[in-house]
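This report goes through one protein model, from its helices and strands to its core and a few single residues. Please keep the sequence and the structure in view while reading.

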Amino acid sequence: ERKALFDALDRREEDIRKARDSHNEWLDKRGYPMRRNLRAVAYADHLKPMIFILLNTGLRRGELLNLQWVDVDLDHNPQVCVRGDSAKSGQTRHVPLNSTAVDALRKWRAQTEGDGLIFVAPDGGRFKDISNLWEKLRTDAGLKDFRLHDLRHDFASRLAMASVDLAVIRELLGHSD
């Protein structure tokens, strides 16, 4: 499932890049300013880094969508701070970042502007929902009965398989018991 998901993400990114290449070619022929070259950046859009962060932190969708750059430490003690006002439990917690999550956030930071939300919706505000994007990706990956929330379960399962103490897993996920 993980391979199918990553393959579908890669295909999606390439499709977006091809569409941008074609549009820029059209603009250039007509003397219009071209849009950003998506071949020069790590991600074609927000979905791939979102998936990487969800898989490697166990954050809930709402926690991810509310995350701000000020909540992230990529250097001294790589972690994200999930603020209590965006956590289901209402409790603030700190989730360590592995090298995959740090790399994804560094690359995303390099290609984005602003210091507010990490993932900004096309209208400039907070994403309200990413369900349509997820459903298309899930379908393209050939995954049946696989919810976005299952990325959180995958995170917890990988920790358990690595013999991480259940109390630590509970804390990382923000569960009260």
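In this predicted model, helix α1 covers residues 2–29, and its 28 residues reach 41 Å from the first C-alpha to the last. That is close to the 40 Å expected at 1.5 Å a residue. After α1 comes Gly-31, which has a positive phi, near 80 degrees.

**The sheet**

The strands β1, β2 and β3 form an open sheet in that order, with antiparallel pairing. β1 and β3 are the edge strands, and each pairs on one side only. β1 (residues 72–73) and β2 are joined antiparallel over 2 bridges. The two strands make a hairpin, with 5 residues between them. Within this pairing, Val-72 stands opposite Val-80, and Asp-73 has Gln-79 as its bridge partner.

How do the side chains of β2 (residues 79–82) point? Gln-79 and Cys-81 point one way, Val-80 and Val-82 point the other way, and all four residues are buried.

Asp-71 belongs to the loop between α3 and β1. Its relative accessible area is 8%, so Asp-71 counts as buried, the cut-off being under 20%. Leaving aside residues up to four places away in sequence, Asp-71 touches Gln-79, Val-80 and Cys-81, together with Asn-66 and Arg-83.

**The nonpolar core**

The largest nonpolar core has 45 residues. Which of its members touch the most other members? They are Ile-51, Leu-59, Val-80, Leu-105 and Leu-151. Two or more residues each come from α1, α2, α3 (61–66), β2, α4, α5, α6 and α7 (166–173). The largest share, 7 residues, is that of α2.

Leu-105 shows what such a position contacts. Not counting residues up to four places away in sequence, Leu-105 touches Ile-53, Trp-69, Val-72, Leu-74, Val-80, Leu-97 and Ile-118.

**Aromatic rings**

A pair of aromatic rings is described by the distance of the centres and the angle of the planes. There are 6 aromatic pairs in the structure. In one of them, the ring centres of Tyr-43 and Trp-108 are 6.3 Å apart and the planes stand at 55 degrees, so this pair is tilted. Tyr-43 is in the loop between α1 and α2, while Trp-108 is in helix α4 (residues 99–110), so the pair ties together parts that lie 65 residues apart in sequence. Both partners are buried, with a relative accessibility of 4% for Tyr-43 and 9% for Trp-108.

Tyr-43 and Trp-108 belong to one aromatic cluster with Phe-6, Phe-52 and Phe-119. Another tryptophan, Trp-69, has a charge over its ring: the charged end of Arg-109 sits 4.8 Å from the ring centre.

Most residues other than glycine have a negative phi, and most peptide bonds are trans. Asp-145 has a positive phi although it is not a glycine, and Ser-163 is likewise a non-glycine residue with a positive phi. Are these two residues buried or exposed? Asp-145 is exposed, and so is Ser-163. The table gives their values.

| Residue | Phi | Loop | Relative accessibility |
|---|---|---|---|
| Asp-145 | about 50 degrees | between α5 and α6 | 78% |
| Ser-163 | about 65 degrees | between α6 and α7 | 67% |

How values were computed. Residues are numbered from 1 along each chain as its sequence is written. This is a predicted model: local features need pLDDT of at least 70, side-chain atom pairs count only at pLDDT 80 or more; totals for chains, interfaces and linings use all residues. Side-chain values use heavy atoms; hydrogens and water are left out. Buried means under 20% relative accessible area, exposed over 50%, partly exposed in between (1.4 Å probe, protein chains only). Two strands pair if DSSP finds at least two bridges between them. The expected span of a helix is 1.5 Å times one less than its number of residues. Rings of Phe, Tyr and Trp (its six-membered ring) pair if their centres lie within 6.5 Å; planes under 30 degrees apart count as stacked, over 60 as edge-to-face and the rest as tilted. A charge sits over a ring if NZ of Lys or CZ of Arg is within 6 Å of the ring centre and within 35 degrees of the ring normal. A nonpolar core is a set of buried Ala, Val, Leu, Ile, Met, Phe, Trp, Tyr and Cys residues joined through side-chain atoms within 4.5 Å. Contact means heavy atoms within 4.5 Å.
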